[in-house]
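Reader: Could you take me through this structure and tell me what stands behind each label? I'd like to see the cut-offs as we go.

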Amino acid sequence: MKRFLPVEELARDERFIRSDLAEGFSDPRNGRVRDRTISTARLQPDRAAAPDRARSLMHGIFVGEIQALEAAGRTTFDFDDTEAPFALKLDMARQCWDESRHVEISVKLGEHMGTEIGEYTEATFLYEAACVTDPAMRLAGVNRALEGLAIDVFNTMKDFGQASGDPVLKFCEDWMLADEVTHVKMGSDWLRRLTERDPERRERALEFQRAVDKLFSLGGFRGETDESPIQIARRFRELAGFDTKEIDEIAGLAAESIAETRALLGKTG
Amino acid sequence: MVDGRKPRPAFAPWDRRALPGLFDVEESARRVGAYAWLEMRLFEALGGWIATVPELDVKLVLGRHCYHHAWHAEQLQQRLPELREMNPARLTLPANEGIVAFAEALIEPEAAELTIEKLVGVFRVLLPRTIAAYTYHLNGTSTITDAPTIRTLNFLLQDEFEDWREGEMLLQSLIKTPEQIERASERAKSLEALIVVAGGIAGAGTLGEEVYELENKSEAVPE
Ligand SMILES: [Fe+2]
Ligand SMILES: [Fe+2]
């Protein structure tokens, strides 16, 4: 088996259909839909579209968990012991087990919510972020940016479970949230340790993390206002090793992106 | 009333633990280091394969087992400093060149169609060998002096047995046609030949057997 498996070679059964995440984000209808919407973009149980949006999001979580599993697995294999010490690989192996459970939970939750595997498409952005060949960058992009996003998503879904009176959803999301905080913390710790004597390398890794974070702030997908369906989970991000400045930066990205989208649509804020 | 002052033997009648054992400190450490090396290659391979197998259930099992073997390597490495090797990495070594060749062949399959080959290597060739070697170690080493290694191996064996069973069940569910039967046995045959040449996961004498001089190593048949 070769080191570094390109995204095109990810193995899937015939139920899975790939799509391009950027296409979805750059769909100009999204901005118009938001402008047309008379109230919040948040997931709220009293909105008619809420069940469908939650099911689609749940399927997105499911495929994201598969890729998180694959990405952590590749990190145990792609690097030799000088590039990635055994202790780091041990953490990644632990993450493999956690992500395996998350896939299992997601399959069961999907059934619970009335969704089938393959009902929605799969975007492979998470695994793509795991294709970088510097382990520090990979951990920044996957464990800090994307697993950080997972914290926000799970916390949002947990709140939705609570608000919609679905204790199964709330229960499952809370358990996954606990694991994700651990994964982000692993990312924070290893980023620091791997780049201890190389500030430039750390800066490159953080730059990559910011680029990934920005992608998910596109169109205000994740933010802190009513305009974002996914809400930033400040408390859990702090537990995972983000400082306030970093969280403010992510919140700022969302606000910037909403303004940019509005400008693109030729409207004023 | 029990009289606590009355002398009792240090070993109760049912306690049959004995001295000495088959291994001295060096030999126990060498074996533990060889096990750790192979557990490492195994967890890395399982981790790498996750993205390459299309079968969803297999993917998830590989994710779980990847951690088991990484944890085994960690447990074994933790034992090394207690066996006079303060730098565990120095003793985390393959038993011989034959084991390196075996590990390379084990890890080789990559294509999405090769799930049977990947699983046969792990569950029909390697895990039966680790179960045998760990069992030999804990049966042969001194139950008093090397008790910490025995305890570690017992934890490992519990995983190995359960993982082997799970992997074997996956294989039985995947092997359905004459062509698949052929693939599975060919794969087992080629890997078996390599590990026989290596003498087992800890090298010659892994199970305490006499060391055979192999006349033609490529044939992998003892004299
Ligand atoms: Fe996860
Ligand atoms: Fe995770």
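**The iron sites and what surrounds them**

Author: Let's start with the iron ion (ligand 2): its protein donors are E99(A) (OE), E147(A) (OE), E180(A) (OE) and H183(A) (ND1), lying 1.9 to 2.2 Å from it. This is a predicted model, where local features need pLDDT of at least 70 and side-chain atom pairs count only at pLDDT 80 or more, while totals for chains, interfaces and linings use all residues. Residues are numbered from 1 along each chain as its sequence is written, chains are lettered from A and ligands numbered from 1 in the order in which they are written, and side-chain values use heavy atoms, with hydrogens and water left out.

Reader: What makes those atoms donors of the iron ion (ligand 2)?

Author: Donors are N, O and S atoms within 2.8 Å of the metal (3.2 Å for Na, K and Ca), and sites may look incomplete since water is not among the atoms. The OE and ND1 atoms at 1.9 to 2.2 Å from the iron ion (ligand 2) therefore qualify.

Reader: Why is the arrangement around the iron ion (ligand 2) called irregular?

Author: Four donors count as tetrahedral if all angles lie between 85 and 135 degrees; four count as square planar and six as octahedral if opposite donors are over 155 degrees apart and all others between 65 and 115; anything else is irregular. Here the four donor atoms subtend angles of 73 to 161 degrees, which makes the arrangement irregular. Along the chain, these donors follow the spacing E-x47-E-x32-E-x2-H. The pair E99(A) in helix 4 (residues 86-113) and H183(A) in helix 7 (residues 167-194), both of chain A, links parts of the chain 84 residues apart. Helices here are DSSP runs (H or I, at least four residues; strands are E, at least two), numbered from the N terminus.

Reader: And what makes the site of the iron ion (ligand 1) irregular?

Author: Its four donor atoms have angles of 82 to 140 degrees among them. The donors are E65(A) (OE), E99(A) (OE), H102(A) (ND1) and E180(A) (OE), 2.0 to 2.2 Å from the iron ion (ligand 1), with the spacing E-x33-E-x2-H-x77-E. E65(A) in helix 3 and E180(A) in helix 7 of chain A are 115 residues apart.

Reader: Which residue coordinates both the iron ion (ligand 1) and the iron ion (ligand 2)?

Author: That's E99(A), and the two ions are 3.2 Å apart.

Reader: How do you know that E65(A) is buried?

Author: Buried means under 20% relative accessible area, exposed over 50%, partly exposed in between (1.4 Å probe, protein chains only). E65(A) has 4%, so it is buried. E180(A), at 1%, counts as buried too, and E99(A) and H183(A) are buried as well.

Reader: What does H59(A) contact?

Author: H59(A) lies in helix 3 (residues 50-77) of chain A. Contact means heavy atoms within 4.5 Å. Leaving aside neighbours within four places in sequence, H59(A) is in contact with T115(A), E116(A), I117(A), G118(A), E119(A), Y120(A) and T121(A). Its relative accessible area is 5%, so H59(A) is buried.

Reader: Over in chain B, why is L42(B) called buried?

Author: L42(B) has a relative accessible area of 2%, so it falls in the buried class. It lies in helix 1 (residues 25-49) of chain B and touches H69(B), V122(B), L126(B) and L127(B), not counting residues up to four places away in sequence. The C-alpha atoms of L42(B) and A103(B), 61 residues apart along the chain, are separated by 8.1 Å.

Reader: What about R31(B): buried or exposed?

Author: Buried, because its relative accessibility is 5%. R31(B) is in helix 1 of chain B too.

Reader: What span is expected of helix 10 of chain A?

Author: The expected span is 1.5 Å times one less than the number of residues. Helix 10 (residues 244-264) has 21 residues and reaches 30 Å from its first C-alpha to its last, close to the expected 30 Å.
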